[in-house]
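Reader: I am new to reading protein models. Can we go through some side-chain features together?
Author: Gladly. Let us look at the model.

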Amino acid sequence: MQNDVWDQSPIARIGLYRIHGEIVSKHENETLNQRQNATSERSAAMRLDPNTERELYQLYRDYFREAESEGGRDRLWHDLDPTVEGPKPSEELVNAALASYRQDLFLPDYNFVSLVRLRGSRGRAWFWTRWSYEEGRHLLGMHEWLIARGVATQEELDQVNDNALASERWLPYSDDAIYLFIDALLWELSEIERGEAMLAMANGDEGLIQLLNATLADERAHRDYMTTALRLIQRSYPERVEAAVALVATEHETPTLGEQLSVYLDGAPEAR
């Protein structure tokens with residue numbers, strides 16, 4: 001489409017956006033304009049070169065297509081019933097499940113804080129919306145299992161949720177989008193490790209085994225997407241990735257983190 005045609009189109013002329021549930025034209029409210037421009041400026045600073053951004057978006061499309069395909073990961077959830085009758089869980093398993101549950105309660109923070117910084121990068125931003133949805137269903141599945149096994153009542157879990165979100169919130173140590181992806185990769189690696197440990201403690205609980213297997217399939221897909229995305233970025237921005245890894249290592253007080261992550265970051269991304 002020619003630029004002059006686009007500039008004359010109704011969409012380009014109106015320039016509408018939604019804020020506080022009300023449709024407002026950008027030229028009508030200068031205060032809201034400043035908010036919008038500030039958000040755009042922040043996310044635009046995280047945008048990479050056009051070729052890398054195109055590859056990241058194609059990576060997201062491939063990820064989405066695989067999940068939705070016949071036999072894809074989403075199909076695993078269709079027959080999932082974490083409430084199916086099972087044995088009484090051990091104290092160790094309960095503690096691990098509650099720790100995972102409480103960590104996932106901060107998904108609104110993870111999603112909001114990260115999307116504000118990633119919105120200028122279409123592929124990464126849209127992956128993040130999908131990631132949030134999939135992590136949310138893990139939380140919902142664990143919620144149902146905890147109630148079904150008598151670990152907690154609905155009211156008790158409501159209270160856990162209210163207390164956590166009223167007293168704490170998650171904020172990253174850095175606004176850098178590459179840093180956020182590396183930190184998220186560490187999250188995924190820890191979630192996979194925790195899920196595999198819980199699977200080993202399942203003691204024949206079919207409802208939990210189904211839930212954990214479906215969850216782990218998602219977490220491994222998240223890990224693989226983030227790994228490939230970071231390799232794509234590292235190809236053109238090695239210094240920025242190295243600096244982000246160093247910052248994550250400092251904040252996590254893990255000097256050898258770069259060596260631990262090398263297995264995921266080294267190597268060429270798949271051709272797309």
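**Rings and charges**

Author: Ring pairs link Y110, F127, W128, W131, W170, F181, W187 and Y225 into a cluster. Keep in mind that this is a predicted model.

Reader: How many aromatic pairs does a search of the whole structure find?

Author: The search finds nine aromatic pairs. A pair of aromatic rings is described by the distance of the centres and the angle of the planes. Take F127 and Y225. Their ring centres are 3.9 Å apart and the planes meet at 10 degrees, so this pair is stacked. Planes under 30 degrees apart count as stacked.

Reader: Which helices hold F127 and Y225?

Author: F127 is in helix α7 and Y225 is in helix α10.

Reader: Is F127 buried or exposed?

Author: F127 counts as buried, at 0% relative accessibility. Y225 is buried too, with a relative accessible area of 2%. Buried means under 20%.

Reader: What angle lies between the planes of W128 and F181?

Author: The angle is 40 degrees, and the centres are 5.5 Å apart. That aromatic pair is tilted. W128 sits in helix α7 and F181 in helix α9, which covers residues 177-200. This pair also links distant parts of the chain, 53 residues apart. Both W128 and F181 are buried.

Reader: Now the charges. How many salt bridges does the structure hold?

Author: It holds 11 salt bridges. The general idea is brief. Side chains of opposite charge can pair when their charged atoms come close. One case is R124 with E53, whose side chains meet at 3.4 Å, N to O. The cut-off for a salt bridge is 4 Å.

Reader: Why does the pair of R124 and E53 tie together separate parts?

Author: Look at where each residue lies. R124 belongs to helix α7 (residues 122-148) and E53 to helix α4 (residues 50-68), so the pair ties together parts that are 71 residues apart in sequence. R124 is buried, at a relative accessible area of 0%. E53 is buried as well, at 11%.

Reader: Which residue meets R137 in a salt bridge?

Author: D218 does, at 3.0 Å, N to O. R137 lies in helix α7 and D218 in helix α10 (residues 206-236), so parts 81 residues apart in sequence are tied together. Both R137 and D218 are buried.

Reader: What sits over the ring of Y237?

Author: The charged end of R240 does, 5.3 Å from the centre of the ring.

Reader: One last residue. Where is E144 placed?

Author: E144 is in helix α7. It is partly exposed, with a relative accessible area of 31%.

Reader: Which residues is E144 in contact with, leaving aside its neighbours within four places in sequence?

Author: E144 is then in contact with P82 and T83. The C-alpha atoms of E144 and D81 are separated by 8.8 Å, while the two residues are 63 residues apart along the chain.

Technical notes
Residues numbered from 1 in each chain as written. Predicted model: local features only at pLDDT ≥ 70, side-chain atom pairs only at ≥ 80, totals over all residues. Heavy atoms only, no water. Helix = DSSP H or I, 4+ residues; strand = E, 2+ residues; numbered from the N terminus. Buried < 20%, exposed > 50% of the residue type's maximum accessible area, 1.4 Å probe, protein only. Phe/Tyr/Trp six-rings, centres within 6.5 Å; stacked < 30°, edge-to-face > 60°. Lys NZ or Arg CZ within 6 Å of the ring centre and 35° of its normal. Contact = heavy atoms within 4.5 Å.
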